[in-house]
Amino acid sequence: NLKMETMVIGDVSKTKIAILYDDSRVDKNVLKELREKMGTLKVDILQATGELEKFISSDKLRILPKSIITERPDRVVFNLSEGKVAIMLDTTGYAIVLPSIFNDFFTSMDDKIQFPIVGRFLKLLRIIGVGMTLWLPAFYVTLTSYNPEIIRVQIALLISGSRATVPYPSFVEVLLMLMMMEFLTEASLRLPKAIGPTATTVGGLILGQAATAAGLVGNIMIILVSAVAISNFLIPLNMMSLSIRVLKYIFLFAAAFLGLVGVVVCVVGFAMYLCKQRSFGQPYFRLFFLDNLGKKKGGEH
């Protein structure tokens, strides 16, 4: 029951767009809302799927993505079988899949060939990685500068000893190292593939060792930044990974100004934001591992 609707968008580019969906599974409300947005879209030039995804988004100020942009045919086919809609352009090999919920961005297509318990475990690892990316830098600042009594005395003394020669507050230390890691990440994307991984790896080792030897950062800080960098790359889809990279700085600044209270406020506020969001009428923050429950005939939830 696969159907395709075509249209032309762009007064100058005349870009051909195809909307694909399974008529027996798709949510008619989602399809109706998408048609209305596409019908009112007025642009001169449309070249990429990212531009179209930005145009059809209902939120002017977004923190997290609500549509998946993918070049994998198996992901598109799998989402079509779940009653979702795929949008394709004749100018690019990428497709937009919608509606997409928070859980979809942590699902890898390789999980489908694993045993169910293995797939759930891998998804759990990615969720834990998101938590580490968001909260580790903020908790380090909180436990170092505001509430050292929360952790064990031995750990507090260990952190204090590693920061004995550091001349500035923990917030500046964390921000400095996080920015250096961002620089290395961006440099690895711009350098030639032949030398990119080697240059960034050697550069990271040299910078970390030199900064520790000079007393500008503590040894614990190097471990923390490495854990944050690794955990961020556990997310399969780059759109969500970039959003999480930015969000961790909000948690960090809240911890720097308000301590543990700021971290708690950010966690509660982030959860409330996720619960409030909708992706083409679908709840954005549906329960993990339960996204297929309650599915009715015709794709309705």
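1. The largest pocket has a volume of about 580 Å³. A pocket here is an open set of points on a 1 Å grid over the protein atoms alone, with protein on both sides within 12 Å along at least five of seven lines, and lining residues have an atom within 4 Å of a point. A volume is the space filled by probe spheres set on the points, which are joined across faces, edges and corners. The model is predicted: local features need pLDDT of at least 70 and side-chain atom pairs pLDDT 80 or more, while totals for chains, interfaces and linings use all residues. Residues are numbered from 1 along each chain as its sequence is written, and side-chain values use heavy atoms, with hydrogens and water left out.

2. The lining of the largest pocket comprises 24 residues, and Met 181, Leu 184, Thr 200, Gly 204 and Leu 205 lie nearest its centre. Two or more lining residues come from each of H6, helix H7 (196-213) and helix H8 (219-232); H7 gives the largest share, nine residues. Helices (H or I, at least four residues) and strands (E, at least two) are DSSP runs, numbered from the N terminus. By class, the lining has 16 nonpolar, eight polar and no charged residues. In this scheme Ala, Val, Leu, Ile, Met, Phe, Trp, Tyr, Cys and Pro are nonpolar, Asp, Glu, Lys and Arg are charged, and the others, Gly among them, are polar.

3. There are three cavities of 30 Å³ or more, a cavity being a set of points where a 1.4 Å probe fits but cannot get out. The second largest cavity holds about 110 Å³ of space. Its lining includes Met 181, Glu 182, Arg 245 and Lys 248, and H6, H8 and H9 each supply at least two of the lining residues. This lining divides into six nonpolar, two polar and three charged residues.

4. Lys 248 and Glu 182 also form a salt bridge (3.0 Å, N to O). Lys 248 lies in helix H9 (residues 238-258) and Glu 182 in helix H6 (residues 170-190), so the pair ties together parts that are 66 residues apart in sequence. Both residues are buried (under 20% relative accessible area, with exposed meaning over 50% and partly exposed in between; 1.4 Å probe, protein chains only). Salt bridges that share partners join Glu 182, Glu 186, Arg 245 and Lys 248 into one network.

5. The structure holds 11 salt bridges, each defined as a side-chain nitrogen of Lys or Arg within 4 Å of a carboxyl oxygen of Asp or Glu. One of them joins Glu 5 and Arg 35 at 2.3 Å, N to O. This pair links distant parts of the chain, with Glu 5 in strand S1 (residues 2-9) and Arg 35 in helix H1 (residues 28-39), 30 residues apart. Arg 35 is partly exposed, at a relative accessible area of 37%.

6. Within helix H1, Glu 33 and Lys 37 lie four residues apart, about one turn of the helix. They form a salt bridge whose closest N and O atoms are 3.3 Å apart. Glu 33 is partly exposed, with a relative accessible area of 26%.

7. On the surface, Phe 121, Leu 124, Leu 125, Ile 128 and Met 132 form a nonpolar patch with about 430 Å² of accessible area together. Patches are made of residues with over 30% relative accessible area and no salt bridge; like charges are joined within 9 Å and nonpolar side chains (Val, Leu, Ile, Met, Phe, Trp, Tyr) within 5 Å. Accessible areas come from the Shrake-Rupley method with a 1.4 Å probe, and for residues only the protein chains shown count as cover. Leu 125 lies in helix H4 (residues 116-146) and is partly exposed, with a relative accessible area of 38%.
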